[in-house]
Amino acid sequence: HKTTAGDGIKLRGDINVCVIGDPSTAKSQFLKYVHGFLPNRAVYTSGKASSAAGLTAAVQRDADTGEYCIEAGALMLADNGICCIDEFDK
């Protein structure tokens, strides 16, 4: 449990949810709805379009300077928010 500094109130830790179901049961639509409901706090990505490394960070070359830089992935961008990963098994 996390504890606030001033009041000493105990807070629940991170909540993780895994949505599993048969095909055509609106799992993708549910994730897209959550992303649309909180667009500033949620990040949506598809397992088809990202690799396991791309969920955390990726090294890319800058087109202007040619230097390498680290670009944050979906999990980093959703820090203290919601990360919706669709088709996680792909």
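In the predicted model, Ser24 is placed in the loop that runs between strand E2 and helix H1. Ser24 adopts a positive phi of about 65 degrees although it is not a glycine, and its relative accessible area of 79% makes it exposed. Ala26 belongs to the loop between E2 and H1 as well, and for Ala26, which is not a glycine either, phi is positive at about 65 degrees. With 41% relative accessibility, Ala26 is classed as partly exposed.

Val19 is another residue of the loop between strand E2 (10-11) and H1, and at 40% relative accessibility it counts as partly exposed. Together with Ile15, Val17 and Phe30, Val19 forms a nonpolar patch on the surface, for which the accessible area of the four residues together is about 420 Å².

Helix H1 itself spans residues 27-37, and its buried residues are Ser28, Leu31 and Val34. When the helix is viewed down its axis, these buried residues fall within an arc of 125 degrees, so they line one face of H1.

A disulfide is a covalent bond between the sulfur atoms of two cysteines, and the structure holds 0 disulfides. For Cys18, the closest cysteine sulfur is that of Cys84, and the separation of 12 Å is too far for a bond, given that a disulfide is counted for a pair of sulfur atoms within 2.5 Å. Cys18 is exposed, its relative accessible area being 63%, whereas Cys69, at 36% relative accessibility, counts as partly exposed.

A further loop, between strand E4 (57-61) and strand E5 (68-72), contains Glu67. Glu67 is exposed, with a relative accessible area of 53%, and, when residues up to four places away in sequence are not counted, it touches Gln60, Arg61 and Asp62.

How values were computed: Residues are numbered from 1 along each chain as its sequence is written. This is a predicted model: local features need pLDDT of at least 70, side-chain atom pairs count only at pLDDT 80 or more; totals for chains, interfaces and linings use all residues. Side-chain values use heavy atoms; hydrogens and water are left out. Buried means under 20% relative accessible area, exposed over 50%, partly exposed in between (1.4 Å probe, protein chains only). Helices (H or I, at least four residues) and strands (E, at least two) are DSSP runs, numbered from the N terminus. The arc is that of the directions from the helix axis to the C-beta atoms. Patches are made of residues with over 30% relative accessible area and no salt bridge: like charges are joined within 9 Å, nonpolar side chains (Val, Leu, Ile, Met, Phe, Trp, Tyr) within 5 Å. Accessible areas come from the Shrake-Rupley method with a 1.4 Å probe; for residues, only the protein chains shown count as cover. A salt bridge is a side-chain nitrogen of Lys or Arg within 4 Å of a carboxyl oxygen of Asp or Glu. Contact means heavy atoms within 4.5 Å.
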